[in-house]
Number of protein chains: 2
Amino acid sequence: MNKKQLIVKLSGALNLSKADSERTFDTITNTILDALKGDDSVKIAGFGTYKVAKRKARVGRNPRTGEQIQIAASQKVKFLPAKALKEVFNK
Amino acid sequence: MNKKQLIVKLSGALNLSKADSERTFDTITNTILDALKGDDSVKIAGFGTYKVAKRKARVGRNPRTGEQIQIAASQKVKFLPAKALKEVFNK
DNA sequence: TTTCTATATGCAAATACTGCATACCCAATT
DNA sequence: AATTGGGTATGCAGTATTTGCATATAGAAA
């Protein structure tokens with residue numbers, strides 16, 4: 001399922017036009033992103049938690065040449081599903 | 001940041017009451033969940049992809065007792081941030 | 001049409017995972 | 001507004017799993 005199909009579903013569920021649904025959806029993702037930039041975690045009870053995780057620098061490898069490469073430290077967004085979410089998919 | 005605080009932000013950005021913002025937000029998370037139950041991935045360009053990942057059964061260990069444990073196969077929801085999302089947090 | 005994303009490759013190192021108790025913070029109800 | 005019940009984080013040990021590097025291509029999405 002891609003974004004367009006999701007928007008169609010949302011449009012029905014929210015009783016909004018597709019354009020409005022998309023605007024709403026984008027606003028929400030942007031708000032979450034902004035929150036993550038300031039704070040470093042966004043907790044949504046019953047769904048999950050978005051966190052910015054720091055990843056240490058380490059030694060990697062160019063899979064094409066096999067040559068070793070130093071990989072810089074970085075940050076990535078992680079999503080930790082809530083308990084309710086795990087249960088939904090394990091019944 | 002927790003859900004309540006996020007709702008307040010959304011309320012401002014969407015120009016909706018807090019109650020409506022929360023309803024909208026819950027509708028979206030539920031729609032994503034439903035999509036994940038049917039399909040097994042939801043791709044949102046520019047944000048990320050939610051996937052249901054199957055995890056094989058394996059042998060684990062109770063860290064308290066050291067005793068070996070058989071861990072059943074399970075499924076969990078994974079979120080893979082899009083490229084744009086990684087870049088935001090690595091500048 | 002033009003941008004975005006998945007895939008595939010080998011391999012080292014980081015990190016997730018498990019049970020469980022405690023502490024904590026949040027959400028909802030009164 | 002306050003209390004309470006429930007969801008969530010933390011720490012632990014050791015193994016399993018994931019990650020992420022470069023890069024081109026194919027396929028899908030905007």
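Which strand of chain B gives the most to the surface near DNA strand C?

1. Basis of the note. This is a predicted model, in which local features need pLDDT of at least 70 and side-chain atom pairs count only at pLDDT 80 or more, while totals for chains, interfaces and linings use all residues. Residues are numbered from 1 along each chain as its sequence is written, chains are lettered from A and ligands numbered from 1 in the order in which they are written, and side-chain values use heavy atoms, with hydrogens and water left out.

2. The surface near DNA strand C. It is strand 2 of chain B that gives the most here, with 3 residues; helices (H or I, at least four residues) and strands (E, at least two) are DSSP runs, numbered from the N terminus. At least two residues each are also supplied by strand 2 (48-55) and strand 3 (58-61) of chain A and, in chain B, by elements including helix 1 (3-14), strand 3 (58-61) and strand 4 (68-71). DNA strand C is surrounded by 25 residues, of which the closest are A:Arg61, A:Lys78, B:Gly46, B:Arg61 and B:Lys76, where a residue is near a molecule or strand if one of its heavy atoms lies within 4 Å of it.

3. By class, the surface near DNA strand C has 15 charged, 6 nonpolar and 4 polar residues; Ala, Val, Leu, Ile, Met, Phe, Trp, Tyr, Cys and Pro count as nonpolar, Asp, Glu, Lys and Arg as charged, and the others, Gly among them, as polar. On the DNA side, 75% of the atoms of DNA strand C within 4 Å of the protein belong to sugar or phosphate, and the rest to bases.

4. Polar contacts to DNA strand C. A polar contact is a pair of N or O atoms within 3.5 Å; within protein, one must be able to donate a hydrogen and the other to accept it, and residues adjacent in sequence count only if both atoms are side-chain atoms. A polar side-chain atom of B:Lys76 lies 2.6 Å from a phosphate oxygen of DNA strand C.

5. The surface near DNA strand D. Sugar and phosphate account for 74% of the atoms of DNA strand D that come within 4 Å of the protein. The largest share of this surface, 3 residues, comes from strand 2 of chain A, and its residues divide into 14 charged, 6 nonpolar and 4 polar.

6. Polar contacts to DNA strand D. An N or O atom in the side chain of A:Arg64 is 3.1 Å from a base oxygen of DNA strand D, whereas a polar side-chain atom of A:Asn62 lies 3.2 Å from a sugar or linking oxygen. From chain B, a polar side-chain atom of B:Lys78 lies 3.3 Å from a phosphate oxygen of DNA strand D.

7. Helix packing in chain A. Helix 1 (residues 3-14) and helix 2 (residues 18-38) of chain A pack at an angle of about 110 degrees, with their axes 9 Å apart; axes are lines fitted to C-alpha atoms, for helices over the stretch in contact, and angles run from 0 to 180 degrees between N-to-C directions. The two helices of chain A are therefore roughly perpendicular, a term for angles of 65 to 115 degrees. The residues of this contact (heavy atoms within 4.5 Å) divide into 5 nonpolar, 2 polar and 4 charged; among them are A:Leu6 and A:Leu10 in helix 1 and A:Phe25 and A:Asp26 in helix 2.

8. Individual residues. B:Ser11, in helix 1 of chain B, counts as buried because its relative accessibility is 15%; buried means under 20% relative accessible area, exposed over 50%, and partly exposed in between (1.4 Å probe, protein chains only). A:Asp26, in helix 2 of chain A, counts as partly exposed at 25%.

9. A backbone point to check. Most residues other than glycine have a negative phi. A:Asn15, however, has a positive phi near 60 degrees; A:Asn15 is found in the loop between helix 1 and helix 2 of chain A and, at 70% relative accessibility, counts as exposed. B:Asn15 also has a positive phi, of about 60 degrees, and counts as exposed at 69%.

Definitions and conventions:
Angles under 35 degrees count as roughly parallel, over 145 as roughly antiparallel, 65 to 115 as roughly perpendicular and the rest as oblique.
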